[in-house]
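Student: Could you take me through the disulfides of this structure closely, with the geometry and the surroundings of each one?

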Amino acid sequence: MPADAPWSPSAMWPLWLLASLLALSQALPFEQRGFWDFTLDDGPFMMNDEEASGADTSGILDPDSVTPTYSAMCPFGCHCHLRVVQCSDLGLKSVPKEISPDTTLLDLQNNDISELRKDDFKGLQHLYALVLVNNKISKIHEKAFSPLRKLQKLYISKNHLVEIPPNLPSSLVELRIHDNRIRKVPKGVFSGLRNMNCIEMGGNPLENSGFEPGAFDGLKLNYLRISEAKLTGIPKDLPETLNELHLDHNKIQAIELEDLLRYSKLYRLGLGHNQIRMIENGSLSFLPTLRELHLDNNKLARVPSGLPDLKLLQVVYLHSNNITKVGVNDFCPVGFGVKRAYYNGISLFNNPVPYWEVQPATFRCVTDRLAIQFGNYKK
């Protein structure tokens, strides 16, 4: 901008957009907010970013390395600044041309794009994040993403895809593909994606039979969400590296003994808003590092067994079930010094529990009485 040119607020928004992305790259997937918040979960945050992400951040964009570009290339109607090209909400029917080769963030959300063609991203070898949320994409050429050798974040949710795009870039770290029409996850579709850390694929009509054996082979995911699908049980062939697994808003009816056998590294498990009536004794013993458990809005008649043995468990959501009794040892182990992390949240409200009958010693391993949510049962 020339020194004598009048200042305009609109000139500053691309810098803000890039700053948002940089901040995002350092955070956990489920903690994204604002511009990048695409129907993520809510609830208390327990783990710090470094502890929970498990991701190698050595390749993440360094803000000190971002230098202004003075390229005259900018698609008509778009805003371009600091390697950010923002073309959202323009009614575009296709990916625009004349995108600068040094672009690192390309925002195409909220348009009418229906197809990604072979050369749509030609020359964009420095692209770090591609946002295609809320378009009408139903067809993607098998080589559409070939030029994107440095792409780490692909957001292609809320489209019309019936399959996971083929030949995703091997550099990809985060894939958000929720709210599409995907019914099948075939074996090999994630082949070669050794850097992938986070997949959000909820809101698709996926059933348990839709996951082919070996569909997730080779992936070392930290975070996986398959919410708002048609699952009737916990999938047994997901990556064993998972720290977070979110399966809320499905049709799961029970947790059987070996359902969680391979997920021993879970910190956070989301099973709220299902139809769970039974959790088999010993099922939770396979989760020694679990810190947060969501079982709210199910059909449980009692507190699941095994909670006192989870030494790191801090948050348990059990509200809106059919629990009628809470025993004195349902949450806390017998004896002192056994539990390594005290509870800071237990929700039991909207259950038919006569809370005046619950013994105070029941919550002897809770940090504060305000951490317990009780009462307010409505028939």
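Tutor: The torsion about the S-S bond of Cys74 and Cys80 is about 80 degrees, so this disulfide is right-handed; its sulfur atoms lie 2.0 Å apart, where a disulfide is defined as a pair of cysteine sulfur atoms within 2.5 Å. The model is a predicted one, in which local features need pLDDT of at least 70 and side-chain atom pairs count only at pLDDT 80 or more, while totals for chains, interfaces and linings use all residues. Residues are numbered from 1 along each chain as its sequence is written, and side-chain values use heavy atoms, with hydrogens and water left out.

Cys74 is partly exposed, with a relative accessible area of 25%, and Cys80 is likewise partly exposed, at 30%; here buried means under 20% relative accessible area, exposed means over 50%, and partly exposed lies in between (1.4 Å probe, protein chains only). A second disulfide joins Cys78 to Cys87, with an S to S distance of 2.1 Å, and with 120 degrees about the S-S bond this link is right-handed. Both Cys78 and Cys87 are buried.

The disulfide of Cys332 and Cys365 has its sulfur atoms 2.0 Å apart, and with -90 degrees about the S-S bond the link is left-handed. Cys332 lies in the loop between strand S16 (315-317) and strand S17 (345-347), and Cys365 in the loop between S17 and strand S18 (372-373), so the pair ties together parts that are 33 residues apart in sequence; strands are DSSP runs (E, at least two residues) and helices are DSSP runs (H or I, at least four residues), numbered from the N terminus. Cys332 counts as buried at 1% relative accessibility, and Cys365 is buried as well, at 4%.

A search of the whole structure finds 3 disulfides, and when the bonded cysteines are numbered in sequence order the pairing is 1-3, 2-4, 5-6.

The end C-alpha atoms of residues 73-105 lie 15 Å apart, and the span is 0% helix and 21% strand. The protein has a mean pLDDT of 84, with 80% of its residues at 70 or more, pLDDT being the predictor's confidence in each residue, from 0 to 100. Over residues 22-70, however, pLDDT stays under 50. Where pLDDT is low, the predicted coordinates should not be read in detail.

Terms used: Contact means heavy atoms within 4.5 Å.
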